[in-house]
Amino acid sequence: MAKDKMEKVSIKLTRSLIGSTKDQIKVVKALGLKKTNDVVEHVASPTIMGMVNKVPHLVTVIK
């Protein structure tokens with residue numbers, strides 16, 4: 001599948017990482033989010049969506 005055809009999603013860090021577990025912090029950092037209200041764009045692959053599903057209380061997905 002060509003990269004042009006792949007759906008992209010924007011992911012926004014909406015909650016602070018204070019009080020989160022080390023694993024949750026690692027997932028958020030791996031997504032490329034550093035500070036609250038940061039927004040990154042990724043291809044909606046199963047890997048990225050699985051990472052988002054690990055921290056749904058911290059991030060918001062914008063299509």
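User: A residue is called buried when its relative accessible area is under 20%. Why does serine 20 count as buried?

Analyst: In this predicted model, serine 20 has a relative accessible area of 17%. The cut-off is under 20%, so serine 20 is buried. Serine 20 is placed in the loop between β1 and α1. Leaving aside residues up to four places away in sequence, serine 20 touches Ile25 and Leu58.

User: Why are β2 and β3 called edge strands?

Analyst: The three strands form an open sheet, ordered β2-β1-β3, with antiparallel pairing. β2 and β3 (59-62) each pair on one side only, and that makes them the edge strands. From one strand to the next, the twist averages 30°.

User: Which helix packs on the sheet, and at what angle to β1?

Analyst: α2 packs on the sheet and touches β1, β2 and β3. The direction of α2 makes about 25° with that of β1.

User: Which residues of the largest nonpolar core touch the most other members?

Analyst: The core has 15 residues, and those with the most contacts to other members are Ile11, Leu13, Val28, Leu31, Leu33, Leu58 and Val59. At least two residues of this core come from each of β1 (8-13), α1 (22-30) and α2 (46-54). In soluble globular proteins, nonpolar side chains tend to be buried together.

User: What does isoleucine 11 touch?

Analyst: Not counting residues up to four places away in sequence, isoleucine 11 touches Leu31, Leu33, Asp38, Val39, Val40, His42, Ile48, Val52, Val59 and Thr60. The cut-off for such a contact is heavy atoms within 4.5 Å.

User: What is the phi of asparagine 37, and where does the residue lie?

Analyst: Phi of asparagine 37 is near 75°, which is positive in a residue other than glycine. Asparagine 37 belongs to the loop between α1 and β2 (39-43).

Methods:
Residues numbered from 1 in each chain as written. Predicted model: local features only at pLDDT ≥ 70, side-chain atom pairs only at ≥ 80, totals over all residues. Heavy atoms only, no water. Core = buried A, V, L, I, M, F, W, Y, C linked by side-chain atoms within 4.5 Å. Buried < 20%, exposed > 50% of the residue type's maximum accessible area, 1.4 Å probe, protein only. Helix = DSSP H or I, 4+ residues; strand = E, 2+ residues; numbered from the N terminus. Pairing = 2+ DSSP bridges. Axes fitted to C-alpha atoms, helices over the stretch in contact; angles between N-to-C directions.
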